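Student: I have a new structure to look at. Can you walk me through it?
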Amino acid sequence: QIFIMSNVCLGIIGAGYIAQEHLKVINAMKGVYVEGITSRTISKAKKLAETFDINNVYKNIDSIINDCSLDGLLILVSANQIYDVTKKLIPVNIPIFIEKPAGLVPDETKTLTKLADKYGTKNLVGYNRRYYSIFHKSIELINQNGGLLGIAVEGHERFWKIASGDILDEIRENWIYANSTHTIDLLRLFGGEVEQINALKNSLKEKNGDQFVASMKFVSGTIGTYTSHWFSPGG
């Protein structure tokens, strides 16, 4: 069960597509409201404020945290901005929701983890697939029938579509973190912590890899595999 206290006051940082999706959910929740929104592009923030009846549009992050008494902040900026924004907000010690990835490379994620531990800031990274009801139903059925023995995750990417789109080089070159971690996270959802792993990669076009295969053993004794071929016909 999820218990929500009344009149939860939130702030939104970012005004892109994913912010719209979060605002649709927030608007459908009783006792939760958005006090203010800010974005690097203020015109986008103003448009979302009008659409979702948000009273205050702030010119920057400092303004929203100084002028609002917030119960939580949602960091909904693009993948290459998440690290800088989150690093700035963790010391403020307001609970934060961070859209994935929490860092575009592992060193950034490690830095944010250490900061969150240092300041005791509550945080959640938005790997939404681990909340799909079908996955939790399958875990329930697996546990009723002796537990998980093995798992195979295929996390192919429609990269031929991504590569031809308007994606910043910095994000495209780190797509394994910017997006593929969604499906990698499912390994831990089902299998738990990884004890041993062996991984291989190829680079057909992308310097940091675009074909990945990994085999692993979990602490539980379960074994698993992960494959991701970015130039396959489908996801």
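Tutor: Let's start with a term. A crossing of two helices is left-handed if the near helix is turned anticlockwise from the far one by less than a right angle, and right-handed if clockwise. Keep in mind that this is a predicted model.

Student: OK. Which hand is the crossing of α4 and α5?
Tutor: The crossing of α4 and α5 is left-handed.

Student: What angle do they pack at, and how far apart are their axes?
Tutor: The angle is about 15°, and the axes are 10 Å apart. Helix α4 covers residues 82-89, and helix α5 covers residues 106-119.

Student: So what do we call that, parallel or antiparallel?
Tutor: Angles under 35 degrees count as roughly parallel. So α4 and α5 are roughly parallel to each other.

Student: Which residues meet there?
Tutor: From α4, they are Tyr83, Thr86 and Lys87. From α5, they are Glu108, Thr111, Leu112 and Leu115. Sorted by class, this contact has three nonpolar, two polar and two charged residues.

Student: New topic. Which residues of α1 are buried?
Tutor: In helix α1, residues 17-27, the buried ones are Ala19, His22, Leu23 and Ile26. They cover an arc of only 105° around the axis, which puts them on the same side of α1.

Student: Why would spaced-out residues point the same way?
Tutor: An α-helix has 3.6 residues a turn, so residues three or four places apart point the same way.

Student: Then let's do α2. What is buried there?
Tutor: Ala45, Leu48 and Ala49 are buried in α2. Seen down the axis, the buried residues of α2 fall within an arc of 105°, so they line one face of the helix.

Student: What covers them?
Tutor: The cover includes α1, β2 and β3.

Student: Which exposed residues sit on the face turned away from the buried side?
Tutor: That face of α2 carries Ser43, Lys47, Glu50 and Thr51.

Student: Where is valine 57?
Tutor: Valine 57 is in strand β3, residues 56-58. Its relative accessibility is 31%, so valine 57 counts as partly exposed.

Student: What does it touch, leaving aside its neighbours within four places in sequence?
Tutor: Valine 57 is in contact with Ile37, Ile42, Ala45, Lys46 and Ala49. Of these, Ala45 and Ala49 are among the buried residues of α2.

Student: How far is valine 57 from glycine 36, going by C-alpha atoms?
Tutor: Those C-alpha atoms are separated by 5.6 Å. Along the chain, the two residues are 21 residues apart.

Student: Now the backbone. What is the phi of aspartate 53?
Tutor: Aspartate 53 has a positive phi of about 55°, although it is not a glycine. At 66% relative accessibility, aspartate 53 counts as exposed.

Student: And asparagine 93, what is its phi?
Tutor: Asparagine 93 has a positive phi of about 70°, and it is not a glycine either. Asparagine 93 lies in the loop between α4 and β5. With a relative accessible area of 41%, asparagine 93 is partly exposed.

Student: Last one. Is the peptide bond from lysine 100 to proline 101 cis or trans?
Tutor: That bond is cis, with omega near 0°. Proline 101 is in the loop between β5 and α5.

Notes
Residues are numbered from 1 along each chain as its sequence is written. This is a predicted model: local features need pLDDT of at least 70, side-chain atom pairs count only at pLDDT 80 or more; totals for chains, interfaces and linings use all residues. Side-chain values use heavy atoms; hydrogens and water are left out. Axes are lines fitted to C-alpha atoms, for helices over the stretch in contact, and angles run from 0 to 180 degrees between N-to-C directions. Helices (H or I, at least four residues) and strands (E, at least two) are DSSP runs, numbered from the N terminus. Angles under 35 degrees count as roughly parallel, over 145 as roughly antiparallel, 65 to 115 as roughly perpendicular and the rest as oblique. Contact means heavy atoms within 4.5 Å. Ala, Val, Leu, Ile, Met, Phe, Trp, Tyr, Cys and Pro count as nonpolar, Asp, Glu, Lys and Arg as charged, and the others, Gly among them, as polar. Buried means under 20% relative accessible area, exposed over 50%, partly exposed in between (1.4 Å probe, protein chains only). The arc is that of the directions from the helix axis to the C-beta atoms.
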